[in-house]
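Please keep the sequence and the coordinates at hand while reading.

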Amino acid sequence: MAPPALTISPEERTLAALTHLSGLAGYVIPFGGVLVPIIIWIVKSDSPVVSTIAKQAVLLNVIVFLLVIVTAILFLTIILIPVVILTWVVLAVAAIALPIVGAIKANDGRYYRYPVVGMSPS
């Protein structure tokens, strides 16, 4: 039996959606993909849903960054270049798609837990 779906209150839906999208700020502002969610996490620490979404956004961006660094080192080997390029494509799609899907679901009032790095509000 699946656990009941967590809902987001109507008052927090817009901020929850913006928090998901805040992870994309790194494409506009250097380090924005981590700094903006951290600021939201600190400011909205009284809201378990919004602060958990901010934690997910930070964790997703840090993990993607670390994987890009590791695969960049692997890029130096000639044999692994196709694997590295494929990994970068998958990471790029995940780093863009997951926050967008999360924002859409948050706007509908449903909590979205990122695969692998996601967490539930406490």
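## Overall make-up

The model discussed here is predicted. The protein chain contains four helices and zero strands, and from the N terminus on its elements follow the order α-α-α-α. Taken along the principal axes, the C-alpha atoms occupy a box of roughly 50 × 40 × 20 Å.

Of the 122 residues in the protein chain, 34% count as buried, while the accessible surface of the chain amounts to about 7,500 Å², with 78% of that area belonging to carbon and sulfur atoms. Among contacts with a separation of 6 or more, 62% are made by residues 24 or more positions apart.

## Packing of α3 against α4

Helix α3, spanning residues 48–74, packs with helix α4, spanning residues 81–107, at an angle of about 170°, and their axes lie 10 Å apart. Because an angle over 145 degrees counts as roughly antiparallel, α3 and α4 are therefore roughly antiparallel to each other.

On the α3 side the contact is formed by Leu60, Val64, Leu67, Val68, Thr71, Ala72 and Leu74, which meet Val84, Thr87, Trp88, Leu91, Ala95, Leu98 and Pro99 of α4. Sorted by class, this contact of α3 with α4 comprises twelve nonpolar residues, two polar residues and no charged residues.

## Helix α4

The 27 residues of α4 reach 39 Å from the first C-alpha to the last, close to the 39 Å expected at 1.5 Å a residue. After α4 comes glycine 109, whose phi is positive, near 90°.

The buried residues of α4 are Val84, Leu91, Ala95, Leu98, Pro99, Gly102, Ala103 and Ala106, and what covers them includes both α1, residues 13–22, and α3.

## Leucine 60

Leucine 60 lies in helix α3, where it is one of the residues that meet α4. Is leucine 60 buried or exposed? Since buried means under 20% relative accessible area, leucine 60 is buried, with a value of 8%.

If neighbours within four places in sequence are left aside, leucine 60 is in contact with Leu98, Pro99, Tyr114 and Val117. Tyrosine 114 is 54 residues from leucine 60 in sequence, yet their C-alpha atoms are 8.2 Å apart in space.

Technical notes: Residues are numbered from 1 along each chain as its sequence is written. This is a predicted model: local features need pLDDT of at least 70, side-chain atom pairs count only at pLDDT 80 or more; totals for chains, interfaces and linings use all residues. Side-chain values use heavy atoms; hydrogens and water are left out. Axes are lines fitted to C-alpha atoms, for helices over the stretch in contact, and angles run from 0 to 180 degrees between N-to-C directions. Helices (H or I, at least four residues) and strands (E, at least two) are DSSP runs, numbered from the N terminus. Angles under 35 degrees count as roughly parallel, over 145 as roughly antiparallel, 65 to 115 as roughly perpendicular and the rest as oblique. Contact means heavy atoms within 4.5 Å. Ala, Val, Leu, Ile, Met, Phe, Trp, Tyr, Cys and Pro count as nonpolar, Asp, Glu, Lys and Arg as charged, and the others, Gly among them, as polar. Buried means under 20% relative accessible area, exposed over 50%, partly exposed in between (1.4 Å probe, protein chains only). Accessible areas come from the Shrake-Rupley method with a 1.4 Å probe; for residues, only the protein chains shown count as cover. The expected span of a helix is 1.5 Å times one less than its number of residues.
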